[in-house]
Amino acid sequence: MHPPRPVRVVLVGFGPVGARFAEELLPEVVAGRVDLTVVGAESGDPYNRVLVAELAVGLTEKDDIVLADSDELRGSGVDVRTGVRVVAIDREARTVLLDDGTDVEYDRLVLATGARANIPTLSGVARTIRDGSTLGRLGHAAIGIDDALPTGVTVVRDLADAETIGRAVAAKQHIVVLGAGVLGLEFALLAARHGATVSVVHTGAFPMPRNLDRGGGSVLSRALRARGITLLAHSPAEGIAVHTEDDGTTRFDALYTADGKHIHGDLLVLSCGVGARAELAVTAGLRTEAGIVVDRDLRSWTDSRIYAIGDCAHIVENDGQTDTARLGGAPAGLIGPGWRQAEWLAARFAADVTGTEHSDAPPAERASVVMLKGEGIDAVSAGAISAEPWDPRIGDVEPPNVALWADPEHGRYVKMVTRDGVLEGFVSVGMPRASAELTMLFERGGELPSDRSLLLRLDAPDEPVASGTPAGPEAIICTCNAVTAGRIGDAWDAGNTTVACIGKATRAGTGCGGCKDRIERIIADREATLGTPPALEVTA
């Protein structure tokens, strides 16, 4: 009797989420139960796109943001094909067609195609509308290809973007950033810190309008201006002006706005959010909306053999909606949820091929904590923050309780929204220790102290440095990888005494990087109380 044929799994997309899925499924490949083919459009190893801006200004090296080794995967039996695109899915034949003319058969197809930077509607900047009719007209040439931008206009998404930005920063040029979300502001802070002149253009009254209230946004605006960043609020962009250089190259010259501004610069950086790369699914006839529509098990509504994870996955429970019904929600847009989806789906596949029970429910994500990373600037928010202290009671519904403290002169602001003492949401600007404590309380669903001022005192100048583990060993320190304080402490005990070493041992700090200061606090706390890690003790 012949052993069963391995299950053929094809993974489309070799970014951070795809790489995590491949690594988690690797034991089944080694055991011969799965034939895994990975197809990635970029030619090198997968890397952390969240840290591309840090790479551009020289704060990190390329090797430090690489997430998986393609050659190691190949050596373990994975068929890794990089520098090639999947351009079509034949659902009837269960094959994918590559742009080199080859095709690959699958039993299960996993789409981890990620997202691309949104290109806003600007006169002088071409953008492709990737609907069914346009994709049908353009054919394979439109699948997995980004729009070409004018010289002097870029996004912050890949290694080529990092090189473009790095040259501008090194030359201390004037960089115009369109968009005042988290990623745009983090880049603006990095560029200004390294000598570039930076202007941020946005439509709202204050930066980070999706994450901050007016008070927090106003305090953040002051802090950004204090670091040399020019903010141009209430300025909807309309188009770009260009000039022709001596060699005939047409290059970005200025961004012009609906209110009559012309913001001249050397480089325009578009930071206007991202959208799912779903065109492959569209041409295959899969249900799409904000992304590829999948159920809680990450399985396509349209085809039970196809799955989606990460930034391309729009998760909606299929409870009988019609094909024309508008679906709510959108992809998470964060690296942590994508990694958890990859891990869960790989575990589900492993259980299926080994015939074991897989009773764990799919990962349920709660509201994410949003952190602005910038030297000397701390802005954090989470949950429901729209309530105000003076909101009236509506009928029988009591408003949540709101505690608010503001010191705009010194760049400090905290707002805490609670119901029955439990933290439902918060905004914290310029209060790093308070924000760290609030983050842990929010993620645990914990209650605030009855005296809210205790949290404010954490950032008092004469307050001792807070312990690295204020919420105990079970507290989640790295939300991207769900790493607890206890695991980080265990890694330190084993001799991992730096943030980089702890990242390699536990994956903590390898996602968005927002937890690195908390990891440093844990390291400092253990060094102060325990001295030398046991693994490094030298015996006579």
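This is a predicted model: local features need pLDDT of at least 70, side-chain atom pairs count only at pLDDT 80 or more; totals for chains, interfaces and linings use all residues.
Local features require pLDDT of at least 70 and side-chain atom pairs pLDDT 80 or more, while totals for chains, interfaces and linings use all residues. Residues are numbered from 1 along each chain as its sequence is written, and side-chain values use heavy atoms, without hydrogens or water.

The chain contains 15 helices and 27 strands, taken as DSSP runs (helices: H or I, at least four residues; strands: E, at least two) and numbered from the N terminus. Its C-alpha atoms fill a box of roughly 75 × 70 × 65 Å along the principal axes. Of the 540 residues, 47% are buried, meaning under 20% relative accessible area with a 1.4 Å probe, counting protein chains only. With contact defined as heavy atoms within 4.5 Å, residues 24 or more positions apart supply 61% of the contacts with a separation of 6 or more.

Three aromatic pairs are counted. Rings of Phe, Tyr and Trp (its six-membered ring) pair if their centres lie within 6.5 Å; planes under 30 degrees apart are stacked, over 60 edge-to-face, and the rest tilted. Two of the pairs share Phe-349:

| Pair | Centre to centre | Angle between planes | Class |
|---|---|---|---|
| Phe-21 and Phe-349 | 5.8 Å | 90 degrees | edge-to-face |
| Tyr-307 and Phe-349 | 5.1 Å | 75 degrees | edge-to-face |

Phe-21 in helix α1 (residues 16-30) and Phe-349 in helix α10 (residues 335-354) are 328 residues apart. Tyr-307 lies in strand β19 (residues 306-308), so its pair with Phe-349 ties together parts 42 residues apart in sequence. Phe-21 is buried; Tyr-307 is also buried, at 4% relative accessibility, as is Phe-349 at 2%. Phe-21, Tyr-307 and Phe-349 form one aromatic cluster.

Notes: Buried means under 20% relative accessible area, exposed over 50%, partly exposed in between (1.4 Å probe, protein chains only).
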